[in-house]
Amino acid sequence: MNASREPTPELTREHAHELLLDMLRVRRMEETCAELYQATKIRGFLHLYIGEEAVAVGAMRALTAEDAVVATYREHGHALIRGVPMESILAEMYGKQEGCCRGRGGSMHLFDAETRFYGGNAIVAGGLPLAVGLALADKLQGRKRVTACFFGDGATAEGEFHESMNLAALWDLPVLFLCENNLYGMGTAIERSQSETHLALRAGAYRMPAWDVDGMDVLATEATTRRAAEAVREGGGPHFVEYRTYRFRAHSMFDPELYRDRAEVAAWKERDPIELFRARTADSGYVTDEDLADLEALAAEEVERAVAFAEAGTWEDVAELERFVYSDPEGTREVAR
Amino acid sequence: MTVATPQRTPAAPEAEPRTTTYRDAVREAIRSAMRADERVFLMGEDVGRYGGCYAVSMGLLDEFGEERIRDTPLSESAFVGAGIGAAMNGMRPIVEIMTVNFSLLALDQILNNAATILHMSGGLFNVPIVIRIATGGGRQLAAQHSHSLEGWYAHIPGIKVAAPGTVEDAGGMLAPALADPDPVLIFENALLYNGSGPAPDPEHPVDLVHAAVRRPGTDVSLLTYGGSLHKTLDAAEALAAEGIDAEVVDLRMLRPLDDAAIVASVAKTHRVVIVDEGWRSGGISAEVSARIAEGAFFELEAPPERVCSAEVPLPYAKHMEAAALPSSERIVEAARKALGRHG
């Protein structure tokens, strides 16, 4: 187990702007989703990533276009940062056929073939075996690719977590296990559900190199994930990163948050990843107030375009209901991506 | 030194088909699929060094090596899920689950991922996996190794459920299953592994679509599949001795069900017995019965009869287990009843 003391990358102005813009894109998109939910444009379960942006934004930079991503039901940010257009994410949440899954998946099941985004998965830990299999296929076919698998602290209580960790380590597979520890599995605090709350230690049981890292510090998440991903890519077998992070909003839109103190939430908000990054870069002069306003404007425009796209989207004909239960008879597509 | 090689007599076109066992037919099918396609590999518990719990994969490790004949830990959920992930990433995995009761540990992956992802992703990702599962009772293995849960799986849209009852199908169904772009579950009744019959004929491949009439008849339709097929054929012979001409239809596929074949047989005989080793309540026999009611109600001259397993966890003691499972005697009795000749 390695404490995350990776040297943070030499920051450039461009890099700083990219990180900040990506965090703002996720934050503003998610805030808008909450509003759209209140306006009943989005229904079902909606799990917001606000507070945890530094994890996906930092981690995703360690991956190449060839790599694969498996995520959870709190995956809007992951999909966006992986490169799924915000338009198709919003349209999906509207249930429109212009959505990335034609409106069949919704908030918890965003998929995208082009970016090798193998889904939001709404069964806690259900994506881990998939990630093992994606990596197995790469290994069997001699491809030097990484499968990055995001999951929450809650998943580490599931049998599938342990089975998958064991299998990936046993078979030396190129899986990057990325544990977003936001301290709660829905409303149950980690100390009420885990015998060992230092989750990176779990990896030791599978002889898997692991780090824990401040998940509110985007430079740290990027640096640590990059190092882990490179080790995986170079044939080092599976690696594990635990990000210590915090969800600022409720678990879902139905959650009155009876299980945690306002003071605790307020304390974590003091470490808002966007504010923290601004503070860390203050001395560099890379992000001026004017820059921030420009980046905010870019994010706002993108959100506006995405909402307009979703609003203008159309409903799939119900005659299509049974389509894609099975592949189209003419053989559909070749699956290797 | 010259060794005289005995001359092979060329096979006459009308020669008897080659005979093999159910087990060997499955093994040969795996072998030829793996030789033909690098993407195919086999994984499961004890499929490698042990040779398979039912010796199906015996010898394959030597030919294909550990990468492609892959022993797994006792982690049904993870290795089935890994098969799904590998299938989504260009491979054609055959995953073996030792016993259907163990498949429940992987039900999350089968239902929530394999069966669901194509539809949930709006057609983006299909899952070309084949899962072979040993099923059925009759071996005194008691209530955690003996059940017939294929009817449960037939409830799930997004997967196909094959139930080979003949040696030909045991081997022949694998190739179309591997060619299928979607998940196919093949249920092999473990009592059949030692049985022999005509081997699959590569010139006449089987499909994953149609039921098969295994014995034509005119008086009563006996609809069955898998491990009950031979009991049902035996029952048909016994009925013939009584002057009753029974038709035996092998469903072969439990999902999709071949409605047309079911209806056609009932329309011909007007009387029907459904034989299923699963439990009666909510089982595949109930579904077949409902399809007959929907599609052939006015063809019926008697209510459909069902012969299923007793609604108990299968017991260990031989006589108790035998009493719980469908038998030829119970099938004969049900056929007589359908014909109004019981008593």
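This is a predicted model: local features need pLDDT of at least 70, side-chain atom pairs count only at pLDDT 80 or more; totals for chains, interfaces and linings use all residues.
Let us begin with chain A as a whole. Its secondary structure comes to 11 helices and 8 strands. The radius of gyration of chain A is 19 Å, close to the 20 Å that the globule rule gives for 337 residues, so chain A is as compact as a globular protein of that length. Taken along the principal axes, the C-alpha atoms of chain A fill a box of roughly 55 × 50 × 40 Å. Of its 337 residues, 54% count as buried. Among contacts in chain A with a separation of 6 or more, 76% are between residues 24 or more positions apart.

For a closer look inside chain A, turn to helix 8, which spans residues 218–236. What do the buried residues of helix 8 of chain A pack against? Among the helices, the partners are helix 1 (13–38), helix 2 (53–60) and helix 10 (273–281) of chain A. Among the strands, they are strand 4 (175–181), strand 7 (210–214) and strand 8 (239–244) of chain A. Just after helix 8 comes Gly237(A), with a positive phi of about 75°.

Now to the place where the two chains meet. The contact takes 37 residues from chain A and 36 residues from chain B. On the chain A side, helix 5 (127–140) and helix 6 (159–170) are the elements that give two or more residues. Of these, helix 5 of chain A gives the most, with 10 residues. Sorted by class, the side of chain A that touches chain B has 20 nonpolar, 12 polar and 5 charged residues.

Next, chain B. It is divided into domain 1 (19–198) and domain 2 (212–338), and the C-alpha centres of these two domains lie 26 Å apart. Where they touch, 24 residues of domain 1 of chain B are in contact with 23 residues of domain 2 of chain B. Which elements of chain B each supply at least two residues of the domain 1 side? They are helix 7 (150–153), strand 6 (160–162) and strand 7 (184–189) of chain B. Strand 6 of chain B gives the most, with 3 residues. By class, this side of domain 1 has 10 nonpolar, 11 polar and 3 charged residues.

Strand 2 of chain B runs parallel to strand 4 (residues 92–97) of chain B, and 5 bridges join them. Strand 2 of chain B also pairs in the parallel sense with strand 3 (residues 69–71) of chain B, over 3 bridges. Gly44(B) takes part in both pairings: its bridge partner in strand 4 of chain B is Glu96(B), and in strand 3 of chain B it stands opposite Asp71(B).

In soluble globular proteins, nonpolar side chains tend to be buried together. Here the largest nonpolar core has 206 residues, and those with the most contacts inside it are Val132(A), Cys149(A), Ala162(B), Leu222(B), Val273(B) and Ala335(B). Helix 5 of chain A gives the most to this core, with 9 residues. Domain 1 and domain 2 of chain B both give residues to this core, so it lies between them. Leu222(B) shows its surroundings well: among the residues it touches are Val248(B), Val273(B), Val275(B), Ile331(B) and Ala335(B).

Methods:
Residues are numbered from 1 along each chain as its sequence is written. Chains are lettered from A and ligands numbered from 1 in the order in which they are written. Domain bounds come from an automatic or database domain assignment. Two residues are in contact if their C-beta atoms, placed from the backbone, lie within 7 Å. Helices (H or I, at least four residues) and strands (E, at least two) are DSSP runs, numbered from the N terminus. Ala, Val, Leu, Ile, Met, Phe, Trp, Tyr, Cys and Pro count as nonpolar, Asp, Glu, Lys and Arg as charged, and the others, Gly among them, as polar. A nonpolar core is a set of buried Ala, Val, Leu, Ile, Met, Phe, Trp, Tyr and Cys residues joined through C-beta atoms within 7 Å. A residue is buried if 20 or more other C-beta atoms lie within 10 Å of its own, exposed if 12 or fewer, and partly exposed in between; C-beta atoms are placed from the backbone. The radius of gyration is taken over C-alpha atoms; the globule rule is 2.2 Å times the number of residues to the power 0.38. Two strands pair if DSSP finds at least two bridges between them. Lists of a residue's contacts leave out its neighbours within four places in sequence.
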